[in-house]
Amino acid sequence: MGNSQAYPVFRTTDAVEAWTQALRLNALLEEHDDEVTLWAELLTVEDARRMAAVLPDVEYNYARPRTDPVTQDFAKFSLVITAAEDSALEPELPLSFLHYVPAGTVEDRFVRAVGRGMASIGLQGRWPDDAETESYGSATYDGVEVVFNGDDVDWSHPAERHTVFVHVDKLGDLPRAEKLAAQLGSTVLGDAQRG
């Protein structure tokens, strides 16, 4: 979503509720991208197995870079999660991935697979022009994002709740964010964050 400004507009401890509210906002986009961005950090063996069942072909990486002790090159995660023994998988954690999928394919299963680690679904599109607030849509910046187990859009502050963000123009657009939050019966829940 480019270097947008993202406003938090909804928080809950229920992942399915967060996703449902994000879909309500997504329906308000005038245009929708064909792809959805998925990101997750997998902290436990159980988390990794659930996510691998949903996304078996994803390239999983070490969440924190590791180096090969001999070559000093960055080490690559090479196990097949669905086939690895728990005892082999456990020391490889945490893992993460960033993956793009066709919209409407795996998102619901992804939400159910989210574990204790942070995760995100990004839906990009274009908000309609709004003469009342003098807001104009931008396919470069606009969209909706759910951050699971987190409060910030840059995925760096874990929390025990899930946050829905609306992405708007790179200069920010508080009036649009307020109108979008009102669609959920909510308000803007904090300052804009760089998306």
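1. Housekeeping. This is a predicted model, so to speak of local features pLDDT must be at least 70, and side-chain atom pairs count only at pLDDT 80 or more, while totals for chains, interfaces and linings use all residues. Residues are numbered from 1 along each chain as its sequence is written, and side-chain values use heavy atoms, with hydrogens and water left out.

2. The sheet. Eight strands make an open sheet, ordered E3-E4-E2-E5-E6-E7-E1-E8 with antiparallel pairing. Strand E3 (61–62) and strand E8 (193–194) stand at the edges with a single partner strand each, so one side of each has no neighbour in the sheet. Strands here are DSSP runs of at least two residues and helices (H or I) of at least four, numbered from the N terminus; two strands pair if DSSP finds at least two bridges between them.

3. Helix H1. Residues 15–26 form this helix, which packs on the sheet and touches E1, strand E2 (31–42), strand E5 (119–126), E6 and E7. Its direction makes about 175° with that of E6; axes are lines fitted to C-alpha atoms, for helices over the stretch in contact, and angles run from 0 to 180 degrees between N-to-C directions.

4. Strand E7 and its partners. E1 (residues 5–12) is joined to E7 by 7 bridges, with Thr12 opposite His162 and Gln5 partnered with Val168.

5. How covered is E7? It is mostly covered, with 7 of its 7 residues buried (under 20% relative accessible area; exposed is over 50% and partly exposed in between, using a 1.4 Å probe and protein chains only). His162, Val164, Val166 and Val168 point one way, and Thr163, Phe165 and His167 the other. In a regular strand, side chains alternate between the two faces of the sheet.

6. Asp151. This residue lies in the loop between strand E6 (143–148) and strand E7 (162–168), and counts as partly exposed because its relative accessibility is 21%. Its contacts (heavy atoms within 4.5 Å) include Arg11, His157, Thr163 and Gln193, leaving aside residues up to four places away in sequence.

7. Two arginines. The Asp151 side chain makes polar contacts with the side chains of Arg11 (3.3 Å) and Arg161 (2.8 Å). A polar contact is a pair of N or O atoms within 3.5 Å; within protein, one must be able to donate a hydrogen and the other to accept it, and residues adjacent in sequence count only if both atoms are side-chain atoms.
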